[in-house]
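Colleague: I would like a close look at a single part of this protein. Please keep to what the model itself shows.

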Amino acid sequence: MVASNRPNEIAELDGKVVVITGASRGIGKSIATAFAAVGAKVVLAARTRETLEQVAADLKKAGADALAVPTDVTDADAVQRLIERTLDVYKRVDILVNNAGVGYFGPVVDFAPDAWDTVLNSNLKAVYLCAKFALPPMLAQGSGQIINVLSVAAKVAFEASAAYCAAKAGALALTKVLASEVRRQNIRVTAVLPGSVHTPFWDDVPMHPDFAQMLKPEHVADTVVSICGQPSGMVTEEVVVMPPLGIL
């Protein structure tokens with residue numbers, strides 16, 4: 001197990017099987033590292049094989065049990081293979097973290113239909129697909145958690161971000177519906193809504209908030225792990241994580 005200084009209340013995550021999408025960099029990589037630090041078995045999913053396998057190798061070197069499964073989370077067959085591979089290796093799925101997503105920005109009048117589809121598919125369709133295929137083993141074992149890492153954009157609209165805001169708002173609605181559908185089967189579904197986080201997400205965005213005022217990926221990762229370590233009655237369906245100055 002990777003060495004950890006985390007509090008005792010999340011010790012029960014030791015040995016849990018956690019599937020994390022968008023795990024090759026940024027928030028997803030930090031979430032994988034945080035779960036590994038409390039002894040979870042982490043299944044890493046992302047499109048870029050080389051980068052993903054390097055993250056898995058680094059975690060293994062630190063003592064973690066990690067599996068890299070290159071996956072396009074917008075493709076139903078690929079997501080099904082991700083869950084099947086997880087079951088083949090670990091026999092169960094305890095936690096799914098839907099973190100993958102891309103953002104393209106611009107005013108609606110100039111926004112290309114293909115770009116709209118890409119943003120909606122990666123931020124909304126992918127959440128549906130991963131939940132759809134992770135739920136059957138969770139239902140069979142009588143327990144599970146799904147964490148959807150979204151954005152404050154799910155609740156706060158800002159200019160030149162129609163596709164991104166629409167996708168995140170849709171994913172928040174999906175979270176609420178799904179939580180209602182599976183709550184009685186001992187499966188908890190939660191959305192985490194961070195403010196701006198300093199990750200490579202912003203590399204291709206010419207106008208962005210001050211990096212010094214952003215959250216760090218570790219802030220989001222700590223929140224996700226903390227949620228998974230809490231008794232079910234202590235966590236609502238939405239958790240908003242804002243940076244110090246409340247920027248978007």
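In S4, which residue is the bridge partner of Val19?

Modeller: The bridge partner of Val19 in S4 is Leu96. Some ground rules come before the rest. This is a predicted model, in which local features need pLDDT of at least 70 and side-chain atom pairs count only at pLDDT 80 or more, while totals for chains, interfaces and linings use all residues. Residues are numbered from 1 along each chain as its sequence is written, and side-chain values use heavy atoms, with hydrogens and water left out.

pLDDT is the predictor's confidence in each residue, from 0 to 100. The protein chain averages 88, and 83% of the residues score at least 70. Over residues 3-11 pLDDT stays under 50, and it also stays under 50 over residues 244-248.

Strand S1 covers residues 17-21. Helices (H or I, at least four residues) and strands (E, at least two) are DSSP runs, numbered from the N terminus. Of the 5 residues in S1, 5 are buried; buried means under 20% relative accessible area, exposed over 50%, and partly exposed in between (1.4 Å probe, protein chains only). Val17, Val19 and Thr21 lie on one side of S1, Val18 and Ile20 on the other, and both faces are covered.

S1 pairs with strand S2 (residues 41-46) in the parallel sense, over 5 bridges; two strands pair if DSSP finds at least two bridges between them. Thr21 stands opposite Ala45 in S2. From S1 the chain passes through helix H1 (residues 26-37) to S2, and this β-α-β crossover is right-handed. That term applies if, with the strands pointing away from the viewer, the path from the first strand over the helix to the second runs clockwise.

Strand S4 (residues 95-98) also runs parallel to S1, joined to it by 3 bridges. Val19, whose partner there is Leu96, is among the buried residues of S1.

Arg92 forms a salt bridge with Asp94, the closest N and O atoms being 2.8 Å apart; a salt bridge is a side-chain nitrogen of Lys or Arg within 4 Å of a carboxyl oxygen of Asp or Glu. Asp94 is buried, with a relative accessible area of 5%, whereas Arg92 is partly exposed at 31%. By this rule the count comes to 4 salt bridges.

Technical notes: Contact means heavy atoms within 4.5 Å.
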